[in-house]
Amino acid sequence: MADSTWSPSSWTSKPVAQGVEYPDEQKLQRVLSKINTLPPLVTPSEVLWQSTLLGGNNEAFLLHAGDCAESFDACTHENISSKIGLILSFSLIVVWGARLPVVRIGRIAGQYAKPRSSSTETINGKTVTSFRGDNVNGLDPDDRTPDPDRLLRAYFHSSTTLNYLRGLLSSGFASLHHPRDWSFNHVRSPSLRKEFEHIVEGLSDALDFSRTIGIESMPPYEQGGAREAVGEVDFYTSHEGLMLDYEQALTREFPLPPSLATKDKKKAYYNAGAHFLWIGDRTRQLTGAHVEYFRGIRNPIGIKVGPSMVKDELVRLLDIVNPDKESGRVTLITRYGATKIDDHLAGHIQTVQDSGHPVIWICDPMHGNTLTSSTGLKTRNFGTIISELTSCLRIHAECNSRLGGVSLEFTGELNDEGFSVTECLGGSMELSEEQLGLRYQSFCDPRLNFEQSLDVAFLISNHFKN
Ligand code: PEP
Ligand code: MN
């Protein structure tokens, strides 16, 4: 990690993919200076604890999930708690069925910026700058000029989300000791609801039993259960590290704990805006600014790996961001598409194995499988998502490797009548093309809804049980 040639701003001497042109440079610098003085959103000890979980336990299952992009307007009590509720429900199914500890990383509290394949788009016959996410410009076609004040608003919305998240997690919402408090009445598929209620019953009985015989927490953490005593769960935040000006402003140097400090290295740089950051498929150029920034931060990082990644390039990338081959430092998030995974994954696994780089492989079955419905909506087919996921499980097994988790775009959001969103086709609820328009709420990529997400959780849980 960070050698003497690295600094939080060394990325500025490299080509910046997906860069944003601000009309007022002075205003940008004023905003960034302000952000630089604001308190960190996450602490180094949280980041290190997460690294330990990722690096030290190769039986853990990483669940990376949330919205494609958060919006400032969606920063509400309901949205945050339904997102956390779904992440917890999903992980409970995996913990209980597969007896695997789950490390939960939300795409939350900072996932505002979006990469775009084109810098402009045409809306109602008018060509405008593309929407780049709420921290850059507005979704409204008349509000597309990048405004630095949005970075400050991003900090504010991240901190308020995180504040509420910390409140929820420390006040029993997440406690596996009260699973009966989690309501599944809105799950419309009777079989899905039954399966879930069955798990909750089993877990509640196990906890009652452990209380009766005086064991504080059961199942034990190592077997996928609650954390000691308080029964809280490990939950972390993440976003794509895309807007490097902002990431630099949130980069802080902290002393390393004595167990990690050496004679030559007593401090490290952390990105204090999230526990985990990832490099997107469009910004992972070996000599580019994003890879330069990422190589110097102490946080665990993700790298998206798509069909265009050349085998040799992947190893060179790992050499740059993880020269010391530290376990838990890099998670590779593969996103080839259901029809392409067979052509690429085995080769990538083999090359990484040969290089001796320790990585966690997780499957993103969403981003290689986007399509446009006959009604013109951006969607994904549940069957195709499952196809990429099952191919991924099979190929890892064939290559003597292990799939260590999934990366999903999902939402537990419900409308006032208790109905889920309708953005992806299929699933046990058999969502049809005609139904897509009913409650299509994403302003970015289509997300699995509550029921479709639980379908995926049961598939994973059953796979690892066997
Ligand atoms: C994303 O995760 O929302 C995304 C844009 O992914 P990718 O970089 O893999 O296309
Ligand atoms: Mn997306």
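A residue is termed buried if 20 or more other C-beta atoms, placed from the backbone, lie within 10 Å of its own. By this criterion, 45% of the 466 residues in the protein chain are buried. The structure is a predicted model, in which local features need pLDDT of at least 70, side-chain atom pairs count only at pLDDT 80 or more, and totals for chains, interfaces and linings use all residues. Residues are numbered from 1 along each chain as its sequence is written, while chains are lettered from A and ligands numbered from 1 in the order in which they are written.

The secondary structure comprises 11 helices and 14 strands, taken as DSSP runs (H or I of at least four residues for helices, E of at least two for strands) numbered from the N terminus.

| Property of H3 | Value |
|---|---|
| Residues 77-98 | 22 residues |
| Buried residues | 16 of the 22 residues |

Because 16 of its 22 residues are buried, H3 is largely enclosed by the rest of the structure. Just after H3, Arg99 adopts a positive phi of about 55°.

Ligand 1 is surrounded by residues including Cys68, Asp281, Arg282 and His367.

Note on methods. Near = placed C-beta within 6 Å. Expected span 1.5 Å × (residues − 1). Buried ≥ 20, exposed ≤ 12 C-beta atoms within 10 Å, placed from the backbone.
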